[in-house]
Amino acid sequence: MDRENLLKIALEARKFAYAPYSHFTVGAALLAKNGTVYSGCNIENAAYGPSNCAERTAFFKAISEGNKDFCAIAVVGGLEGKEAMQYCPPCGVCRQVMAEFCSPEDFLIILGAKNQVIKEYKLKELLPVSFSLNEN
Ligand code: THU
């Protein structure tokens, strides 16, 4: 699966976002090493705290179905009803969830935005010196 197709799946997932409070809708597409793609959208809540980002929705779907080996995630976001104009880099909580399951050297975070070149980062670039019980 190339990054353009992964971004297309993220764009489709963004249409399912439930964001009546922020009106900022996000879609993600998580590519597993076996080729399966798990999509995700943000899901907000009237109590705010229980809201979930698109990236974590995709991760939790995969992990709850027994898949824990990942290559890349594509993310798109922007104001509801508008095309994704700006890049939508994952929040700190989502980066920490990625660090739990993904190799900092190999896992790719692919960001798309209209009229802009796709940006691609390795997890270690977005979360250097991350907390882990395993490596201390
Ligand atoms: N959000 C995501 O889903 N992913 C991100 O990477 C950044 C933020 C969501 C959370 C909330 O529902 C809305 O975007 C505004 O912060």
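The model is predicted, so local features need pLDDT of at least 70, side-chain atom pairs count only at pLDDT 80 or more, and totals for chains, interfaces and linings use all residues. Residues are numbered from 1 along each chain as its sequence is written, and side-chain values use heavy atoms, without hydrogens and water.

**The ligand site**

- Around the ligand sit Ser22, Phe24, Val26, Asn42, Glu44, Cys53, Ala54, Glu55, Cys88, Pro89, Pro90 and Cys91.
- Glu55 has a side-chain N or O atom 2.6 Å from an oxygen atom of the ligand. Such a polar contact is a pair of N or O atoms within 3.5 Å.
- Asn42 places a polar side-chain atom 2.9 Å from a ligand oxygen atom.
- Pro89 uses a polar backbone atom, 3.4 Å from an oxygen atom of the ligand.
- The ligand alone exposes 380 Å², and the protein buries 77% of that. Accessible areas come from the Shrake-Rupley method with a 1.4 Å probe.
- Strand S1 (24-32) and helix H2 each give two or more residues to the shell around the ligand. Helices (H or I, at least four residues) and strands (E, at least two) are DSSP runs, numbered from the N terminus.

**The surface patch**

- Tyr18, Tyr21, Ile43 and Tyr48 form a nonpolar surface patch, with about 440 Å² of accessible area together.
- Patch residues have over 30% relative accessible area and no salt bridge; like charges are joined within 9 Å, and nonpolar side chains (Val, Leu, Ile, Met, Phe, Trp, Tyr) within 5 Å. A salt bridge is a side-chain nitrogen of Lys or Arg within 4 Å of a carboxyl oxygen of Asp or Glu.

**Two positive phi angles**

- Tyr48 has a positive phi of about 60°, although it is not a glycine. Tyr48 lies in the loop between strand S2 (37-41) and helix H2 (54-64).
- Tyr48 is exposed, at 57% relative accessible area. Exposed means over 50%, buried under 20%, and partly exposed in between (1.4 Å probe, protein chains only).
- His23 also has a positive phi, near 60°, and is not glycine. His23 is in the loop between helix H1 (3-14) and S1.
- His23 is partly exposed, at 38% relative accessibility.

**A buried glycine**

- Gly77 belongs to strand S3 (residues 70-79). Gly77 is buried, at 2% relative accessible area.
- Not counting residues up to four places away in sequence, Gly77 touches Arg14, Phe24, Thr25, Val26, Ala84, Met85, Gln86 and Cys88. Contact means heavy atoms within 4.5 Å.
- Gly77 and Ala29 are 48 residues apart along the chain, and their C-alpha atoms are separated by 12 Å.

Notes:
Near = heavy atom within 4 Å. Polar contact = N/O pair within 3.5 Å; in protein donor to acceptor, adjacent residues only side chain to side chain.
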